[in-house]
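Let's take a walk through this protein, starting with the whole chain and then stopping at a few individual residues. Keep the 3D view open as you read.

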Amino acid sequence: VQLQASGGGLVQPGGSLRLSCAASGRALSNSAVAWFRQAPGKEREFVSATRRSDGRVEYADSVKGRFTISRDSAKNTVYLGMNSLKPEDTAVYYCAAAKGPHIIVSAMHIGDSYAYWGQGTQVTVSS
C-alpha cells in the first residue's frame, strides 16, 4: 500500500486548507485511517482518525471544531479539511491507514495502530 499526501502549503492565520491522501494498492474504504502531524522539535501527534467499521471519528482537542476528516471511496482518497488555521498548526502532516476497518477507540490516536504511512505534506501558517 502506498499513501500519497498532498495539499499542504503556506496560509495566513485564519485561512483554510484541504489535505488529500491518495492510496494505491489497497482500498482505503476497508481501513481505519488517520492524520498525524509533527512540528519542528516536537513529537508526532495525533490529529484525527476515522474507522470504517462504524464510521466513528476522533479529533485531537486542539483541532476539534476546526478540522474535518472525510473519505471518498470512489477516489480511494482521505481528506483533512482545515479551517481557522493557527500558527501552532504548522507542521508536517502525515496520513496513515490501518490493515483493517476497526481500531478500538483508545488506540485510534496511537501511531502504532496504523501499518501504512504517507510521506507527509508541509503546512505552514504564518502572516
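Below, we go from the overall layout to strand pairing and then into some of the loops.

One thing to keep in mind from the start: this is a predicted model. So what is it built from? If you go looking for helices, you'll come back with 0, but you will find 11 strands. Reading along the sequence, you simply get one β after another, in the pattern β-β-β-β-β-β-β-β-β-β-β.

Next, the overall dimensions. The C-alpha atoms fill a box of roughly 40 × 30 × 25 Å along the principal axes. How does the radius of gyration fit with a compact globule? For 127 residues, a compact globule would come out near 14 Å, and this protein has 13 Å, so the two agree. As for the inside, 42% of the 127 residues count as buried. The accessible surface is about 6300 Å², and carbon and sulfur atoms make up 46% of that. Charges are worth a quick look too: there are 14 positive and 9 negative ones, and their mean positions sit 6 Å apart.

How does the chain hold on to itself? Take the contacts with a separation of 6 or more: 61% of them are between residues 24 or more positions apart. Strand 1 (residues 2–6) pairs with strand 3 (residues 17–24) in the antiparallel sense, over 5 bridges. To find this pairing on screen, pick Gln-4, whose bridge partner in strand 3 is Ala-22. Strand 3 is also joined to strand 8 by 6 bridges, and that pair runs antiparallel.

Asn-76 isn't a glycine, yet its phi is positive, at about 50°. You'll find Asn-76 in the loop between strand 7 (67–72) and strand 8. Ser-84 also has a positive phi, near 50°, and lies in the loop between strand 8 and strand 9 (91–97). Are these two buried or exposed? Asn-76 has 15% relative accessibility, so it counts as buried, because the cut-off for that is under 20%. Ser-84, at 41%, counts as partly exposed.

Now move to Arg-51, in the loop between strand 5 (45–50) and strand 6 (57–59). Despite being in a loop, Arg-51 counts as buried, with 8% relative accessibility. What does Arg-51 touch, leaving out residues up to four places away in sequence? The list is Ala-32, Arg-56, Arg-71, Pro-101, His-102, Ile-103, Ile-104, Val-105 and Met-108.

Our last stop is His-109, in the loop between strand 9 and strand 10 (116–117). With a relative accessible area of 43%, His-109 is partly exposed. Not counting residues up to four places away in sequence, His-109 touches Phe-36 and Phe-46.

Key. Residues numbered from 1 in each chain as written. Predicted model: local features only at pLDDT ≥ 70, side-chain atom pairs only at ≥ 80, totals over all residues. Heavy atoms only, no water. Helix = DSSP H or I, 4+ residues; strand = E, 2+ residues; numbered from the N terminus. Rg over C-alpha atoms; globule rule 2.2 N^0.38 Å. Buried < 20%, exposed > 50% of the residue type's maximum accessible area, 1.4 Å probe, protein only. Contact = heavy atoms within 4.5 Å. Areas by Shrake-Rupley, 256 points an atom, 1.4 Å probe, with all protein chains shown as cover. Lys, Arg positive; Asp, Glu negative; His and termini not counted. Charge placed at Lys NZ, Arg CZ, Asp CG, Glu CD. Pairing = 2+ DSSP bridges.
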